[in-house]
Amino acid sequence: MTVLPYAVAAWLFGAGLYGIATSRNFIHLVGCLGICQSATYVLLLGLGYRWGGIAPIFYNHPPGTPAVDPVMQALVLTDIVVGATLTALLLVLTIQVHKRGGSLDPETLRPMRGTGTSVTAQGSQDRTGAGSERSAS
Amino acid sequence: MTHFPVALLPLPVAIPLVVCASMLATAHLLPGRMPDILATVTALAVALLSGVIASQATEGPLVYWFGGWEPRDGVHLGIGFSVDAASGWIAAFIGLLYAVTFVFAWGFFARTHGHFQILMLLFLAAMVGFCFTRDMFNLFVWFEVMSVAVFALTAYHLEESALAGAINFTVVNSLAGFLMLGGIGLIYAQSGTLDFEGIAAAVARGGRDPVVAGAFCLVAAALMIKGAIVPFQFWLADAHTVAPSPVSAIFSGAMVSLGLFGLAKVSALVFGGSDQVHRAVPILLMGLGGATALLGGWMALLQRYLKRLLAFSTISHAGIMLTAIGALSLDGTGGMLVYIVGHGLVKGALFMIAGILLATRASVDEIALRGLGRGIGPAGIAMALAGLLLCGLPIGVLDQGTRLVQGALARGGHGVPLAAGVIGAALTGAAVLRAAGRIFLGLGSDPGDEAGAPSADEREKLNRPLWLMLGPCCVLLAADIGLPAELIEHGAPGAAASFLHRAAAGGLAEGPAWLPWLSVAGAITVAAYGLFRRSLPGFVVKPVRATQSAPTQALEALHSGLTGDYVAWLAVGVAAIAGVLAMA
Amino acid sequence: MTPRLRIGLLALAGLALLPGTAAVTAGLPAFGATIAEYGARINAIAPGERHVANMVSAINFDLRGLDTLGEEFMLLAAITGTVVLLRGRRGEGITERAMRRPGRAVIPRSDAVVLACRIAGPLTALFGLYVVVHATVTPGGGFQGGVILATATLLIYLGEGYAGWRDAVRSHWLDAMEGGGALLFTFCGLVPMLFGAAFMQNILPLGTFRDLFSGGLMLVENLGVGMAVAGGFTQLFLEFMEETREADQPDEPGEETA
């Protein structure tokens, strides 16, 4: 089973992508993004692992004891901070979306197109001006 | 012990960080205009320092080891900065662009207690770090800081469009970060180091290796997402459209091209030793770049909302830069570097004009604003000039960059990407010229397909006199036109050589002199067609309308604004890159 | 694009990527067999050269301190961004009135909760501080400890209620903490340069291995990070919490926020 961690990482990323692609709720979407990120945790920690290695803290074990790769652990620590920042920002955006439109459905939120209306270019001679689709609040 | 030029290397990153932290700590004590002043001065200091570093780096890259951890027995222990002349000049250009943008945004974000300036300065520090670093993971850290700092700025207006655009931007760019980190993990496992040189040595030793190819695929995809290359370009059109205009100026002027700058660096310095990558890169970058140039130009022409139009124009120009990287030559790299600067200056100016319209006319909708720009004629002249420069008017930095890129493509025998670049540039120039003609001259009463393009209500606070907004815009255009051509002719070959760590080899090839005129003529023709459609005979207009409308609708529908779609395209793009790598 | 088409596209891309993924997986070093030279070298030299037991801290705050500096400012950017976006509409004003869900009873806080929070709060803060300063010997550090410190301030909210919390926690102080901590960390990089050393070179006495005072500069850096993270996360809680208040005035018109 020497490839299992890598396979798990790939699967997690794929599952997260599927979740984002089909998401109907922003909070669910943020969670799926977190799953994609977990793939990087698993990959990095898997790559830095060594059978029988201790955690790279030489307090109860003398220096020189075989340990896992501390670089990967440090990288994952940074990655976790990245995850926290992204989650916070996305949740704020979600709160504001909910406040503005009352909906949490990614499928109804499209930039520049008002809410929920599917707009394709009709070649219409619309000369009424900007923002006819949505009124300013 | 480090000495004069080398000891400066951390400062362009550290100074903005110190200013940010101090501004945040004293946010409520600072008097009103203080953040503006501090930010402008800091950006200028960064530009100056980077310029000094660049001028000292002509002999070869300057290398700095953080924490004094120099490599031992060939193992790179710490993080290093390695600054060649090209990276230094690009950082100096970015600092300058920021300084001008801060002046443009004078007092615009007064209510936020300097929070806008804090985020922008962090963005600046991250960009400089991204230019200077020689460590893969450090590159990722700056890549992420760049992203995180601007996600919030994109949504600043808190309109629904702004929020949707910011969410798309955040999700897609976060995925880019994860891909990049995955790639870094793979290459670290294979090479046992994170330093550019260490990895390059391991890659060159290794021969054909699927792990190296996989790592390149992931890292390249991440940087192409940042650089808005087809099929990763979707987020850009949303984000640049909704961000406040000063932020968009930096996005288009610096951030997108910086992604491609990183790609050029990584593919040359880190993965350049792999034959597989070396064979795949020209095909990949030429193909995607050409497609991006065409798609961006075409979409730009179909827009009515000026900021969205400019966003697509940026996509088109990113494609042209990508073809230049794909040439994998000194000529191409030199061309790309000059092109980044020229494009940044012109595009920054154009977004500032959009900001002027938002503030003084409360809209950037080309059709709604028809003829309403008459009171602000100077802005119209600037916009027309910028449009002409964008499509290739043969003066200034952008033109020099264009000619170098075309020369590199012509010398390498890449006719198709060359043609795509010429057409793309002509189309984006045409779009800008048409918008300028409609807004400032009141022409074009009969809009074509652009009438069906999305639009929105947006306005920006008018709290500063027109000259204060127009001034920075003119400074950028003047810098593009006024920078002495000899300076670049002398500097570019050396900068490109030091960027690629190769020996300088004389002058760079330039494209044929008539080619820019062809772009300009094409742009004026297309713009004129858009403006005078009504006066043209029916046998010209009807076939165009009949053939143009269907593909137009299809393209607009592709840019659906839905995160889910973008993620699917992202996967397709990664698969495409992997496919080309597998074939090579 | 219809959802079905989208999933089809995604599945197609996934299928196309499958052989590549398999090849990469097969080409990687076998799981658990060995670790990279870089990590092995750090495990070998850092205890001796920096007198620290925790290799991850040695990397984060010494060998690759620049990454952590970037990371700290990434956090600062995210929190500043969050504040900008959340305050965008409602401004900085604070209000007493909580939003009430009609029909849901308001249960008064019990004395047990108040007492438990008053006991646990200071203990949690103490523990957070302990985690911050023991970065070099135990699996702790400024980030982890800072978050625990921020949790302690949340216990004030739980025990004293929203008004008491807002009285105790001032947004300006949090800004000052966050910015000050980040500034301290940056100065840990810049000050060594004044002495002719490299950015973030560890020029303080290194102390004793397995002791609180080990690793020299790392202790100061961790204090800076801990302070910044505690301030930042509390700020984050505060701003999110303020979202549960009733707005004093209706939303301001859009252009005012610009």
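Predicted model: local features only at pLDDT ≥ 70, side-chain atom pairs only at ≥ 80, totals over all residues.
**Chain B as a whole**

Contacts in chain B with a separation of 6 or more come, in 84% of cases, from residues 24 or more positions apart.

**The two domains of chain B**

Next, colour residues 1-134 of chain B as domain 1, and residues 135-188 together with 210-583 as domain 2. The C-alpha centres of these two domains lie 25 Å apart. Across the boundary, 33 residues of domain 1 of chain B are in contact with 39 residues of domain 2 of chain B. On the domain 1 side, select α4 (85-104) and α5 (115-132) of chain B, each of which supplies at least two residues. The largest share of that side, 13 residues, comes from α4(B). By class, the domain 1 side has 23 nonpolar, 8 polar and 2 charged residues.

**Chain C as a whole**

A box of roughly 65 × 60 × 40 Å, taken along the principal axes, is filled by its C-alpha atoms. Of the 258 residues of chain C, 50% count as buried. Among contacts in chain C between residues at least 6 apart in sequence, 74% join residues at least 24 apart.

**Helix α2 of chain C**

Zoom in on residues 37-50 of chain C, which form helix α2. This helix of 14 residues reaches 19 Å from its first C-alpha to its last, close to the expected 20 Å. Centre the view on Ala44(C), where α2(C) has a kink of about 30 degrees, shortly before the proline Pro47(C). The buried residues of α2(C) include Tyr38(C), Ile42(C), Asn43(C) and Arg50(C), with Pro47(C) also among them. Where do the buried residues of α2(C) pack? They pack against α3 of chain A together with α3 (55-63) of chain C. Just after α2(C), select His51(C), which takes a positive phi of about 60 degrees.

**The contact between chains A and C**

Bring chain A into view beside chain C. The contact takes 42 residues from chain A and 44 residues from chain C. On the chain A side, the elements that give two or more residues are α1 (4-22) and α3 (70-101). The largest share of that side, 16 residues, comes from α3(A). The residues of the chain A side divide into 30 nonpolar, 10 polar and 2 charged.

**Final stop: Gly102(A)**

Follow chain A to Gly102(A), in the segment after α3 of chain A. Is this residue, Gly102(A), buried or exposed? Gly102(A) is exposed, with 8 other C-beta atoms within 10 Å. To finish, draw a C-alpha to C-alpha distance from Gly102(A) to Leu44(A): these residues are 58 residues apart in sequence and 39 Å apart in space.

Note on methods: Residues numbered from 1 in each chain as written. Chains lettered and ligands numbered in written order. Contact = placed C-beta atoms within 7 Å. Helix = DSSP H or I, 4+ residues; strand = E, 2+ residues; numbered from the N terminus. Nonpolar A, V, L, I, M, F, W, Y, C, P; charged D, E, K, R; others polar. Domains from an automatic or database assignment. Buried ≥ 20, exposed ≤ 12 C-beta atoms within 10 Å, placed from the backbone. Expected span 1.5 Å × (residues − 1). Bend = angle between axes of the 7 residues up to and from the residue.
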